[in-house]
Number of protein chains: 2
Amino acid sequence: MPIILNEHHSSGFSLNWTVDKVLYQQKSDFQQVAIVELQEMGRALVLDNIIQVTVKDEFVYNEMITHVPLFTHPAPEKVLIIGGGDGGAAREAAKHESVKQVDMCEIDEKVIEACREYLPETSVSYDHPKVNVITKDGVQFIKDNPNTYDVIIIDSSDPIGPAVELFGKDFYHNVYNALKEDGIFVCQSESLFLHQNLIKKVYDTISKLYPITKVYTATTPTYPGFLWGYTMGSKKYDPYDRMDAEKQDLQTKYYNHDIFKACFALPNFIKEVLESNK
Amino acid sequence: MPIILNEHHSSGFSLNWTVDKVLYQQKSDFQQVAIVELQEMGRALVLDNIIQVTVKDEFVYNEMITHVPLFTHPAPEKVLIIGGGDGGAAREAAKHESVKQVDMCEIDEKVIEACREYLPETSVSYDHPKVNVITKDGVQFIKDNPNTYDVIIIDSSDPIGPAVELFGKDFYHNVYNALKEDGIFVCQSESLFLHQNLIKKVYDTISKLYPITKVYTATTPTYPGFLWGYTMGSKKYDPYDRMDAEKQDLQTKYYNHDIFKACFALPNFIKEVLESNK
């Protein structure tokens with residue numbers, strides 16, 4: 001009888017993934033951490049029964065959360081990733097020639113342990129000379145490092161469990177302070193179809209802090225709700241001014257400079273959500 | 001106990017949708033036709049246990065399969081839709097001022113019957129003065145109408161069951177002949193993640209027929225595999241020449257002219273599939 005990972009997203013909708021093998025399963029101080037072999041998507045990091053990363057599609061999310069802000073900034077040197085313990089975003093950030101230092105602050109050392117052992121595709125970045133793996137609470141780490149970073153990436157899980165503070169106003173305020181005066185912030189903002197209230201709340205909060213706020217999109221097969229949103233706040237640089245700027249060519253599977261131009265085009269129903277005054 | 005619609009997409013992956021009510025269920029000459037009320041997505045047309053259309057997200061697919069080819073053509077007058085029995089694509093095509101006639105050729109009259117009764121959101125087009133509902137086999141209809149249409153839209157179900165012929169070379173050849181000398185063809189080409197062999201096969205076939213062949217993308221929540229592909233073959237007009245052309249403003253929920261520009265940007269992994277010589 002096959003083992004099924006049933007991802008329950010609402011009373012009306014769930015996904016069934018056949019699990020060929022459970023490779024790692026531990027309860028950490030924060031959550032249930034597992035690495036499984038999915039029949040359809042290969043190895044996957046699963047936190048509290050929700051797929052976070054699979055080897056077959058991690059590139060979409062990791063490239064898009066990283067390269068869009070890093071190419072909006074003309075010469076980023078210091079990058080901070082909050083969360084992102086699988087290492088995929090750090091792997092992408094380290095590809096940028098201008099980047100000298102990538103600090104990855106993951107709260108859960110069990111995530112690091114599991115990914116180091118079973119997800120070399122993403123955790124390869126742990127040993128990259130530019131990358132520092134820091135196992136601390138990102139909320140505190142941000143407070144302790146004002147005026148430090150060119151780009152801060154909030155690579156969090158869903159806004160439940162240990163990630164809930166990463167969607168709060170105080171946190172966003174402290175992120176603003178941890179950025180240099182021309183810094184850029186980005187966070188994953190869940191599904192444009194399923195989580196419109198969240199997208200709107202994040203957008204409104206970020207808009208109040210940053211002169212330039214943009215939502216962009218990408219589609220990751222294992223993230224339900226399907227059109228995934230990213231919210232970017234920028235103190236100085238506008239991605240529209242960078243559309244035709246010369247940019248480093250990278251080895252990527254999803255991202256390219258046409259995608260950079262295209263990802264800011266939003267469907268009408270999302271524009272309406274963002275522009276509404278509710 | 002809730003009724004669950006289990007959409008089985010592979011041995012490793014299936015979706016569970018809670019069904020609040022079954023409104024219509026009949027076996028036609030071609031397939032099992034049902035209209036159900038989904039808890040998450042509202043009313044839905046389901047053919048052979050696969051969701052085709054839901055009232056909550058049909059606009060993505062229907063707008064994107066229609067407005068992209070219709071705005072690539074500078075002045076389309078006669079449009080043919082093969083399949084599309086729910087009426088959503090016809091509803092969108094009729095919005096274009098230049099369009100004088102929309103022929104919708106659906107093989108299964110039970111689909112028409114069910115949608116007329118239970119899906120007024122899309123079947124409203126049946127009574128539009130520009131729209132002709134034709135219940136015939138599209139394969140034969142195409143053969144009988146050479147050199148007739150400005151735009152032909154293949155709005156088919158998956159390439160199994162009654163739609164299988166709509167993905168074949170002979171059919172594509174006859175579609176080419178049914179177009180006028182500056183005509184445009186578009187078909188849905190399934191998921192860019194799950195069905196790459198199909199996308200490649202369709203792309204290669206269309207490229208041999210048309211001087212201009214483009215793949216574009218959109219994301220529809222209820223279509224699994226998530227980044228959905230559309231393949232367009234054009235005898236004369238290139239969408240890139242139409243990017244900044246003046247276009248009619250339409251009342252739409254997903255489509256806008258920025259989306260028109262953006263939807264042709266393809267991820268690297270898809271470009272590699274299309275450009276490979278296997």
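Mentor: What follows is a set of questions on a predicted model, each settled by setting a value against a cut-off.

Trainee: Why is Lys110(B) called partly exposed?

Mentor: The relative accessible area of Lys110(B) is 22%. Buried means under 20% and exposed means over 50%, so a value in between is called partly exposed. Lys110(B) therefore takes that label. Its place is in helix α3 of chain B, residues 109-118.

Trainee: What makes a residue a contact of Lys110(B), and which ones are there beyond its neighbours within four places in sequence?

Mentor: Contact means heavy atoms within 4.5 Å. With those neighbours left aside, the contacts of Lys110(B) are Tyr24(B), Gln26(B), Lys27(B), Ser28(B) and Val33(B).

Trainee: Why is β12(B) described as largely enclosed by the rest of the structure?

Mentor: Seven of the seven residues of β12(B) are buried, so the description holds. Buried here means under 20% relative accessible area.

Trainee: How do you know that both faces of β12(B) are covered?

Mentor: In a regular strand, side chains alternate between the two faces of the sheet. On one side of β12(B) lie Trp228(B), Tyr230(B), Met232(B) and Ser234(B), and on the other Gly229(B), Thr231(B) and Gly233(B); all are buried.

Trainee: What makes β12(B) a paired strand, and with which strands?

Mentor: Two strands pair if there are at least two bridges between them. β10(B) and β12(B) have six bridges, and β11(B) and β12(B) have seven. Both pairings are antiparallel.

Trainee: How do you know that the length of helix α7 of chain B is close to the expected one?

Mentor: Helix α7 of chain B, residues 196-209, has 14 residues and reaches 20 Å from its first C-alpha to its last. At 1.5 Å a residue, 20 Å is expected, and the span is close to that. Its buried residues include Leu198(B), Val202(B) and Ile206(B). The buried residues of α7(B) pack against α6, β10, β11, β12 and α9 of chain B.

Trainee: What makes a space a cavity, and how many are there of 30 Å³ or more?

Mentor: In a cavity a 1.4 Å probe fits but cannot get out. The search of the whole structure finds three of 30 Å³ or more. Of the 22 residues that line it, the closest to its centre are Thr217(A), Tyr254(A), Ala262(A), Thr217(B) and Ala262(B). The lining divides into 18 nonpolar, four polar and no charged residues.

Terms used. Residues numbered from 1 in each chain as written. Chains lettered and ligands numbered in written order. Predicted model: local features only at pLDDT ≥ 70, side-chain atom pairs only at ≥ 80, totals over all residues. Heavy atoms only, no water. 1 Å grid on protein atoms, 1.4 Å probe; cavity = no way out; pocket = protein on both sides within 12 Å on 5 of 7 lines; lining within 4 Å. Points joined across faces, edges and corners; volume = space filled by probe spheres on them. Nonpolar A, V, L, I, M, F, W, Y, C, P; charged D, E, K, R; others polar. Helix = DSSP H or I, 4+ residues; strand = E, 2+ residues; numbered from the N terminus. Expected span 1.5 Å × (residues − 1). Buried < 20%, exposed > 50% of the residue type's maximum accessible area, 1.4 Å probe, protein only.
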